[in-house]
Amino acid sequence: MAKPVLTSKTRTESRLVQYASNVVKKSKENADLFPDAAEKVTLLETALADYTDSLSEAAFRDMRQVVIKNQQAVLVRQLLYDLSLHVESVAKGDPNIVLAAGFVPGKNNAPNAGISPKANDLRALVTHPGTNTVQLRVNPWRPARFYQFEYRKAGSLNEWTAVLSTKSKLGVSDLNYLQEYEFRVTYLGTNPTPNYSDTVRCVVV
């Protein structure tokens with residue numbers, strides 16, 4: 001059965017912009033096939049425009065703009081993921097319908113087991129002291145469309161900060177020196193319900 005491909009098409013900034021732009025264009029052209037997706041497409045179009053603007057601002061290496069750019073990238077990927085689930089439900093495996101929404105159809109030979117499996121063996125390490133960065137790595141899960149890494153200060157009741165990655169590893173930067181953080185991750189597959197890993201902690205040095 002054909003399913004919308006995301007991971008390989010959104011790994012770089014240029015690929016993300018190109019792929020999301022095509023999805024917006026095709027979804028609007030074939031809106032009659034996806035009558036219930038109008039709001040999702042509009043949200044993606046707005047987020048994509050903001051992300052494109054942030055790329056230009058971040059080109060000047062302003063750290064605040066770089067952070068904003070990264071936040072916008074997370075939002076665009078999240079909205080793409082949400083729209084892909086809707087398209088998949090409409091397409092029912094038909095690659096022509098997937099293409100009509102601007103997504104590239106790919107085959108997922110893994111059985112649909114509902115909720116994604118629990119993310120396994122999350123590790124958090126400081127590999128370059130003094131950079132305020134923690135490197136995260138989790139065992140990969142092939143059907144995953146994204147890996148949703150989350151972090152917050154250890155022991156706090158703050159909301160988790162989520163970062164979507166197309167890979168099973170991620171560097172989280174701009175953290176507070178000597179602050180302990182806790183991390184978790186979930187695979188995002190055809191079912192968006194999170195199934196988080198065990199939480200791990202790491203002190204930023």
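Mentor: A charge patch joins like charges within 9 Å, taken from residues with over 30% relative accessible area and no salt bridge. Please bear in mind that this is a predicted model.

Trainee: Which residues gather in a patch of negative charge on the surface?

Mentor: The patch consists of Asp-50, Asp-53, Glu-57 and Asp-62. One of these, Glu-57, belongs to helix H2, which covers residues 38-58. Glu-57 counts as partly exposed because its relative accessibility is 43%.

Trainee: How is a pair of aromatic rings described?

Mentor: One gives the distance of the centres and the angle of the planes. Seven aromatic pairs are found when the whole structure is searched. Among them is the tilted pair of Trp-141 and Tyr-187, with 5.5 Å centre to centre and 35° between the planes.

Trainee: Which parts does the pair of Trp-141 and Tyr-187 tie together?

Mentor: Trp-141 lies in the loop between strand S4 (134-137) and strand S5 (146-153), and Tyr-187 in strand S8 (residues 180-188), so the contact joins parts 46 residues apart in sequence. With 25% relative accessibility, Trp-141 is partly exposed, whereas Tyr-187, at 3%, is buried.

Trainee: What of Tyr-151 and Phe-183?

Mentor: Their rings form a tilted pair, 6.3 Å centre to centre with 35° between the planes. This pair links strand S5, which holds Tyr-151, to strand S8, which holds Phe-183, across 32 residues.

Trainee: Are Tyr-151 and Phe-183 buried or exposed?

Mentor: Both Tyr-151 and Phe-183 are buried.

Note on methods: Residues are numbered from 1 along each chain as its sequence is written. This is a predicted model: local features need pLDDT of at least 70, side-chain atom pairs count only at pLDDT 80 or more; totals for chains, interfaces and linings use all residues. Side-chain values use heavy atoms; hydrogens and water are left out. Patches are made of residues with over 30% relative accessible area and no salt bridge: like charges are joined within 9 Å, nonpolar side chains (Val, Leu, Ile, Met, Phe, Trp, Tyr) within 5 Å. Accessible areas come from the Shrake-Rupley method with a 1.4 Å probe; for residues, only the protein chains shown count as cover. A salt bridge is a side-chain nitrogen of Lys or Arg within 4 Å of a carboxyl oxygen of Asp or Glu. Lys and Arg count as positive and Asp and Glu as negative; His and the chain ends are not counted. The place of a charge is taken as NZ of Lys, CZ of Arg, CG of Asp or CD of Glu. Helices (H or I, at least four residues) and strands (E, at least two) are DSSP runs, numbered from the N terminus. Buried means under 20% relative accessible area, exposed over 50%, partly exposed in between (1.4 Å probe, protein chains only). Rings of Phe, Tyr and Trp (its six-membered ring) pair if their centres lie within 6.5 Å; planes under 30 degrees apart count as stacked, over 60 as edge-to-face and the rest as tilted.
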